[in-house]
Amino acid sequence: MIYVEILIMALVTYLIRMIPLTVFRKKIKNQFVCSFLYYVPYACLTAMTVPAVFFATSHFVSAVAGVGAAVFLAYREKSLISVAAGACAVVFLVEQFV
Amino acid sequence: MKKRIYSQKKAEYEKGLKDGAPIAVGYLSVSFSVGILVAASGMTVFQGALMSLCNVTSAGQFAGIQVIAAGGAILELILTQLVINLRYGLMSLSLSQRLSETVTLWQRFVIAFANTDEIFAVAMSRAESLTFPYLLGLESLPVFGWTFGTALGAVAGQLLPASVSNALNVALYGMFIAVVVPVAKKVRPVLWVVILAALFRCVLEYVPLFSGISAGMAIIICTVAAAGVGALLFPAGMEEA
């Protein structure tokens with residue numbers, strides 16, 4: 001039973017990912033749709049980050065410090081891994097004091 | 001000629017592997033916590049690793065494991081996956097517009113498999129159009145890291161001290177921020193879309209009227225609303241990029 005449930009989860013998730021990628025094989029010309037799709041990743045990533053990130057650590061203060069560090073490093077256009085590592089390091093350090 | 005095409009493909013694949021490596025590292029820590037949940041819910045290490053290998057989705061698996069552990073109906077399992085993972089549909093649609101002309105139909109069937117939040121974010125931040133070898137390379141290590149981390153977490157339980165796992169919790173958010181901020185800094189409409197998305201998401205989170213909306217559904221609503229308002233107000237936004 002558990003294997004059936006795992007396979008059903010996998011199938012639903014795969015279909016969601018696969019259908020739009022295989023159906024829309026031509027470039028979309030409509031300007032509204034194009035700009036909508038251009039904005040989707042930024043809207044989606046933001047909606048997943050705020051406010052969840054502020055509750056991802058054991059203290060609100062360390063989360064705020066981590067986000068601050070990440071935004072600062074990202075604004076300076078550091079690489080993905082530097083921004084992620086910098087945020088983790090700041091959270092770890094701040095949590096030693098709060 | 002054939003040899004040159006082969007070496008181009010190899011270079012693309014290797015570039016993908018390199019870009020995917022930090023995602024794989026981030027996944028190791030997140031899937032570790034999925035593994036701990038797997039163990040706590042009474043599933044075996046193999047079942048947990050299998051679930052991670054064929055689902056490759058954090059929020060969906062968290063919810064799925066809970067539904068399974070609670071003995072939920074199959075329909076409930078399908079619905080939670082559909083709602084929580086519906087954002088991947090938007091991401092796949094967005095990704096479909098950035099694929100190189102050379103990507104064939106069966107190659108699309110393959111790369112659709114692991115279009116996760118982070119892989120999508122990194123793929124979209126690439127300036128060149130996306131080739132099959134690049135995306136294959138990009139997905140390889142993260143899928144391995146996700147599966148391996150789940151198995152590790154399920155075997156080892158809580159190995160890391162809380163101070164370390166708390167710090168690792170922000171790694172993936174850090175990567176999201178690293179994708180969004182540089183573009184928001186340069187393209188003003190993107191900054192507005194980001195502000196709107198954060199605002200909408202907080203409204204859905206904190207206004208009691210909306211407390212019945214699940215996190216997965218809230219992400220979809222906010223994404224569509226913020227990107228939709230952005231497209232209405234700044235239809236030429238992408239040309240400024």
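This tour moves through a predicted model, from the interface of chain B and chain A to the domains of chain B and then to the cavities.

Residues are numbered from 1 along each chain as its sequence is written, while chains are lettered from A and ligands numbered from 1 in the order in which they are written. Local features of this predicted model need pLDDT of at least 70, side-chain atom pairs count only at pLDDT 80 or more, and totals for chains, interfaces and linings use all residues, with side-chain values based on heavy atoms and with hydrogens and water left out.

**The interface of the chains**

Select chain B together with chain A. Here 100 residues of chain B are in contact (heavy atoms within 4.5 Å) with 64 residues of chain A. The two chains bury about 7400 Å² between them, and carbon and sulfur atoms give 75% of this area. Buried area is the accessible area (1.4 Å probe) lost when two parts are put together, summed over both.

Next, select Glu77(A) and Lys185(B), whose side chains form a salt bridge at 3.1 Å, N to O.

**The domains of chain B**

Now colour residues 2–178 of chain B as domain 1 and residues 187–241 as domain 2; these bounds come from an automatic or database domain assignment. Their C-alpha centres lie 24 Å apart. Five residues from domain 1 of chain B and seven residues from domain 2 of chain B take part in the contact. About 430 Å² is buried between these domains, 88% of it on carbon and sulfur atoms. On the domain 1 side, select Val83(B), Arg87(B) and Leu90(B): these lose the most area to domain 2, together 77% of what that side buries. Between the two domains the count of salt bridges is zero.

**The cavities**

Across the whole structure, a search finds three cavities of 30 Å³ or more. A cavity is a set of points, on a 1 Å grid over the protein atoms alone, where a 1.4 Å probe fits but cannot get out; lining residues have an atom within 4 Å of a point. The largest cavity holds about 70 Å³ of space. To find it, select its lining residues, including Tyr27(B), Tyr88(B), Asp117(B), Glu118(B) and Trp146(B).

How values were computed. A salt bridge is a side-chain nitrogen of Lys or Arg within 4 Å of a carboxyl oxygen of Asp or Glu. On a 1 Å grid over the protein atoms alone, a cavity is a set of points where a 1.4 Å probe fits but cannot get out, and a pocket is an open set with protein on both sides within 12 Å along at least five of seven lines; lining residues have an atom within 4 Å of a point. Grid points are joined across faces, edges and corners, and a volume is the space filled by probe spheres set on the points.
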